[in-house]
Amino acid sequence: MPDLSTVKAALKSQVIETPSWGYGNSGTRFKVFTQEGVPRDPYEKLNDAAQVHAATGVAPVVSLHIPWDKVDDYGALKKHAQELGLRLGGINANVFQDDDFKLGSVTNPDPRIRRKAVAHLLECVDIMDVTGSHDLKLWFSDGTNYPGQDDIVERQDRLAEALAEVYARLGDDQRILLEYKLFEPAFYTTDVPDWGTSYAHCLTLGEKAQVVVDTGHHAPGTNIEFIVAFLLRQGKLGGFDFNSRFYADDDLMVGAADPFQLFRILHEVAKNGGFAPETGVAFMLDQCHNIEAKIPAVIRSVMNVQEATAKALLVDIEALRAAQRSGDVLASNAVLMDAYNTDVRPLLAEVREEQGLNPDPVAAYRASGWAERIVAERVGGEQAGWGA
Ligand code: PSV
Ligand code: MN
């Protein structure tokens, strides 16, 4: 059996990065519903993220999205984060909301627009230099809607050229995390549709380029844990954008739709050393809380990752390997299911108490009075959101 103190230590040192945009208004292409008390600027988003960290103890890092989180002084934003006991994490580039990018950003047939897109990516690296962020997270909405619309191979060439230029600008401790997504907003071809395409570009770029697995970006039925295991083996798993989905890229709370899948993914992470800080796997959330209260939803998501992690760490690897080597299909499966079926909530409550935290993070947040305070104080101004 795994040593309980090792499991507890791993749970205490886990770091989950929360997305600034998860605290703002969001919605679908049909409607963005506003909520009272939503942050008006990146500073207030960090204030909310600090509540998640206070309640869970494992969420000290916040990803930014530019220009959603554009500020005049990133040094001041970094200082604000530090004062809250937080640090600024991945910088997510946004080359999908400018009218110029209708036919693509870095793969656009027009060289002027390609330059504009690359300029934004380089600006994001400038921001990373100030914020101390290590990760430039790239997701390209680029693709085509109709057969014949553009040349598939030429678009790959343009993508490779842009990536190489940005890669050359990276500092020693900075990396590109290249995200893929099967479809949407492009409906016929997407220029980085799958992990293989991302992996191939990252291989060409070099060591400082790795793949990001957004759990909502696959065809239904895709075996995501296989992808995770493969990328870890190759040293190319840069991180996760965690969320869950029933249909497409639903961006629901991670673990809500399929907690067993989350467990299977984290089992591969645990078994292949991905929780060791030196592997650099970033455990980020990428979610939108369209209809539920945002801060407690982020807290719930963090807890879901913790629960799946605890179960993954409880897998009796020795017993699993012994059963696998002897070809005992049922015993191997039983070892895994035993861990999955363990109620780890008492263990996590104990871990939190040992860290001086409330064993129930949701109750801790409720008791803090923060929800009432932001509704009362955040009056006027323009609420943050990604628009639709
Ligand atoms: C695209 O669907 C994506 O997953 C990318 O990570 C974006 O940066 C993010 O969503 C925006 O919510
Ligand atoms: Mn994502």
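User: Which elements each supply at least two residues of the lining of the largest pocket?
Analyst: This is a predicted model, where local features need pLDDT of at least 70, side-chain atom pairs need 80 or more, and totals for chains, interfaces and linings use all residues. Residues count from 1 along each chain, chains are lettered from A and ligands numbered from 1 in written order, and side-chain values use heavy atoms, without hydrogens or water. A pocket is an open set of 1 Å grid points where a 1.4 Å probe fits, with protein on both sides within 12 Å along at least five of seven lines; lining residues have an atom within 4 Å of a point. Here 46 residues line it, with Trp-139 and Trp-386 among those nearest its centre, and the elements (DSSP runs: helices of at least four residues, strands of at least two) are β5 (87–93) and β7 (143–144).

User: Which element gives the most to the lining of the second largest pocket?
Analyst: That pocket has 35 lining residues, and Val-15, Val-61, Arg-87, Val-281 and Ala-282 sit closest to its centre. Elements giving two or more residues include α1 (4–13), α3 (74–83) and α9 (294–313). The top giver, with four residues, is β5.

User: Are Asp-214 and Asp-286 buried or exposed?
Analyst: Under 20% relative accessible area (1.4 Å probe, protein chains only) is buried, over 50% exposed, in between partly exposed. Asp-214 and Asp-286 are both buried.
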